[in-house]
Amino acid sequence: MMFRILLLGMAFLPVLYDLICLRITDRKRQEPLPEEVSDVYTEERWKTFAAHKHELRIPHYITLGWSFLLDAVMILSPFFAWIERLAGGNVYTAVAITVLLMTLLPLIVNIPADWYCTFKINQKYGLNKRTPKEFVKDTLIDTVGGFVLVLALYELASYTLLHLDGWTNHYSVSTARAYLLTLGITAGLVVFLYCAAWISWRLMRMRYVFTPLEEGELKNSILELIKESRRPVRKIEVYNESSKSPSKNAFVLKMPFYRSIGIADNFLNENSRDELLGVLAHEAGHLKHRPDIRNVLTWLIYALMILAAGTAIRNGSEIVHMEQAAEQAFGLSQINPVLSLSIVFWLAEPLLFPLSVFRNYVSRCEEYEADRNAVKEGYGEPLIRTFKEISTDELVDVNPADVIEFLQYNHPGMVHRIRAIRAAMQETEGEK
């Protein structure tokens with residue numbers, strides 16, 4: 001029971017972290033806006049922003065509490081033992097049942113909460129254009145797609161864990177062979193993740209209608225911006241965001257051997273040519289990005305994780321004993337890979353958190369780099385103007401607390417972003 005209580009404590013840490021971050025955010029919003037973003041909100045619009053964020057808080061607390069309650073039930077109750085009996089001792093069946101329940105149970109609260117946020121809160125503040133039919137369609141696509149991908153991942157993990165003993169001759173392999181086996185498993189995981197990314201892209205195309213950007217001056221200007229990309233862009237498409245929200249966005253899809261650009265129709269229809277090209281010059285900056293020391297450090301961290309996995313395989317007998325002890329603590333007679341991996345993630349959360357923070361830092365640096373490309377192309381002011389307009393329209397928090405931005409944001413906060421763009425503009429002017 002003490003082991004289960006330890007896991008429950010580890011599962012509560014993300015909840016506590018979330019609550020602390022919300023408290024810091026609330027205190028930060030009591031401060032006046034810095035000069036860089038002081039013109040984003042009128043006094044009346046700022047009140048609207050505050051009211052919108054306040055109304056979203058209750059659904060967030062409810063879904064957060066429900067998620068923790070489900071974790072507590074799984075940890076403290078005979079949940080996994082019941083699944084084992086229901087599956088008749090078949091590991092793959094137990095995994096399928098576990099993933100199905102872990103997919104469906106959160107929806108009991110999450111779907112009503114999402115419905116309320118969409119049609120009661122966001123619609124009240126002009127941030128929703130989805131119909132109930134669209135909501136149901138999007139929810140089904142996301143739920144079914146997510147279930148299939150997670151189930152496939154866990155079934156592959158189950159196959160690996162069940163056969164690892166035989167592949168390693170009861171874990172009596174040399175260090176070199178253990179690391180080679182780890183590299184093979186890692187390669188399989190990378191292939192799976194790329195397949196999952198491609199499936200996620202196809203699911204997005206089921207949610208939206210994509211049409212090729214019309215030939216003309218705008219498309220020619222975009223092609224000029226991306227002509228120095230490291231890999232050619234195959235498609236420039238417009239998607240019907242206006243059917244779901246007033247959001248304005250543009251993105252670059254970067255996959256192995258495939259690049260494409262998507263532009264929200266709201267953006268295309270409501271913004272000036274310079275504003276649109278400013279954002280696309282930013283996206284072109286992502287296409288031109290070359291790995292730097294931060295990317296190398298990220299790869300080095302992943303390499304160290306692979307080495308740690310190889311060491312675990314080399315000492316597999318000790319890992320098996322720990323796994324058997326965990327199974328006994330949950331009243332199981334055999335492995336349930338979903339439980340095993342959940343325990344690993346619960347216990348490893350404090351170690352994985354710094355990696356998440358570092359990845360966010362790298363992402364923010366790449367956003368700054370992409371902004372500098374927009375400045376280089378002469379679109380610094382239109383980019384700032386666009387960011388401010390989007391923030392006003394979409395009720396964006398333009399002045400997050402520095403610690404929250406550091407820990408959670410994969411894009412720079414608006415204050416730091418505008419300062420960086422203006423600094424790059426001054427540097428460019430100085431070079432002239």
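Q: What do the axes of two packed helices stand for, and between which directions does their angle run?
A: Axes are lines fitted to C-alpha atoms, for helices over the stretch in contact, and the angle is taken between N-to-C directions, from 0 to 180 degrees. The model discussed here is a predicted one, and in it helix H5 (residues 132–167) packs against helix H12 (residues 337–376) at an angle of about 95°, with the axes 9 Å apart.

Q: Why are H5 and H12 called roughly perpendicular to each other?
A: Angles of 65 to 115 degrees count as roughly perpendicular, and the angle for this pair is about 95°, so H5 and H12 are given that description.

Q: Which residues of H5 and H12 meet?
A: On the H5 side they are Tyr154, Ala157, Ser158 and Leu161, and on the H12 side they are Pro337, Val338 and Leu341. An α-helix has 3.6 residues a turn, so residues three or four places apart point the same way.

Q: How do you know that the end-to-end distance of helix H2 agrees with its number of residues?
A: Helix H2 (residues 43–76) has 34 residues, which at 1.5 Å a residue should span 50 Å, and because its end C-alpha atoms are 49 Å apart, the two values agree.

Q: What makes Ile75 count as buried or exposed?
A: Buried means under 20% relative accessible area, and Ile75, which is found in helix H2, has 0%, so Ile75 is buried. Leaving aside residues up to four places away in sequence, Ile75 touches Arg4, Leu7, Leu8, Ala11, Phe330 and Trp346.

Q: What is said of the phi of Leu395?
A: Most residues other than glycine have a negative phi. Leu395 is not a glycine, yet its phi is positive, about 55°. Leu395 is found in the loop between helix H13 (380–394) and helix H14 (402–408), and at 0% relative accessibility it counts as buried.

Technical notes: Residues numbered from 1 in each chain as written. Predicted model: local features only at pLDDT ≥ 70, side-chain atom pairs only at ≥ 80, totals over all residues. Heavy atoms only, no water. Helix = DSSP H or I, 4+ residues; strand = E, 2+ residues; numbered from the N terminus. Expected span 1.5 Å × (residues − 1). Parallel < 35°, antiparallel > 145°, perpendicular 65-115°, else oblique. Contact = heavy atoms within 4.5 Å. Buried < 20%, exposed > 50% of the residue type's maximum accessible area, 1.4 Å probe, protein only.
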